[in-house]
Amino acid sequence: MKLSEVRAALMLRLDAQRQGLVARLGLPVDTKIEDLVRLVPDDAEPAGSLGELSSRLITDVRNRQIDSIRRTL
């Protein structure tokens with residue numbers, strides 16, 4: 001398999017993941033992966049549980065006043 005084929009396959013997988021996140025968060029369909037990346041803090045520590053992770057995410061969203069996400073919560 002050539003590098004260009006591997007890259008194309010990875011880009012397809014990444015776009016599928018992006019579409020899934022956009023749909024779950026109720027964001028506009030043209031939301032870019034870079035916009036989604038900004039939702040994750042650079043210094044994020046791994047969560048001990050799913051509940052802890054969701055709690056931190058909700059707190060972070062509320063602190064940032066991200067309107068498009070707040071409507072889905």
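Q: Buried means under 20% relative accessible area, exposed over 50%, and partly exposed in between (1.4 Å probe, protein chains only). What share of the protein chain counts as buried on that scale?
A: Of its 73 residues, 14% count as buried. This is a predicted model, where local features need pLDDT of at least 70 and side-chain atom pairs count only at pLDDT 80 or more, while totals for chains, interfaces and linings use all residues. Residues are numbered from 1 along each chain as its sequence is written, and side-chain values use heavy atoms, with hydrogens and water left out.

Q: How confident is the predictor in the protein chain, and which elements have the lowest and highest mean pLDDT?
A: pLDDT is the predictor's confidence in each residue, from 0 to 100. The protein chain averages 80, with 79% of the residues scoring at least 70.

Q: How do you know that the length of α1 agrees with its number of residues?
A: The expected span of a helix is 1.5 Å times one less than its number of residues. For the 23 residues of α1 (residues 3–25) that comes to 33 Å, and the end C-alpha atoms are 33 Å apart, so the two agree.

Q: Why is the pair D15 and R18 called a salt bridge?
A: The term asks for a side-chain nitrogen of Lys or Arg within 4 Å of a carboxyl oxygen of Asp or Glu. D15 and R18 meet at 2.9 Å, N to O, so the pair qualifies. Both lie in helix α1, three residues apart, about one turn of the helix.

Q: Which other pair meets the salt-bridge rule, and what makes each partner exposed or partly exposed?
A: The side chains of D35 and R38 meet at 2.3 Å, N to O, and the count comes to two salt bridges. R38 is exposed because its relative accessible area is 54%, whereas D35, at 31%, counts as partly exposed.

Q: What makes M1, L3, V6 and L10 a nonpolar patch?
A: Patches are made of residues with over 30% relative accessible area and no salt bridge: nonpolar side chains (Val, Leu, Ile, Met, Phe, Trp, Tyr) are joined within 5 Å, like charges within 9 Å. These four residues make a patch of about 480 Å². One of them, M1, is in the segment before α1, and its 80% relative accessibility is why M1 counts as exposed.

Q: How far in sequence and in space are V61 and L21 from L39 and L36 respectively?
A: V61 and L39 are 22 residues apart in sequence and 7.9 Å apart, C-alpha to C-alpha. For L21 and L36 the values are 15 residues and 8.2 Å, C-alpha to C-alpha.

Methods: Helix = DSSP H or I, 4+ residues; strand = E, 2+ residues; numbered from the N terminus. Areas by Shrake-Rupley, 256 points an atom, 1.4 Å probe, with all protein chains shown as cover.
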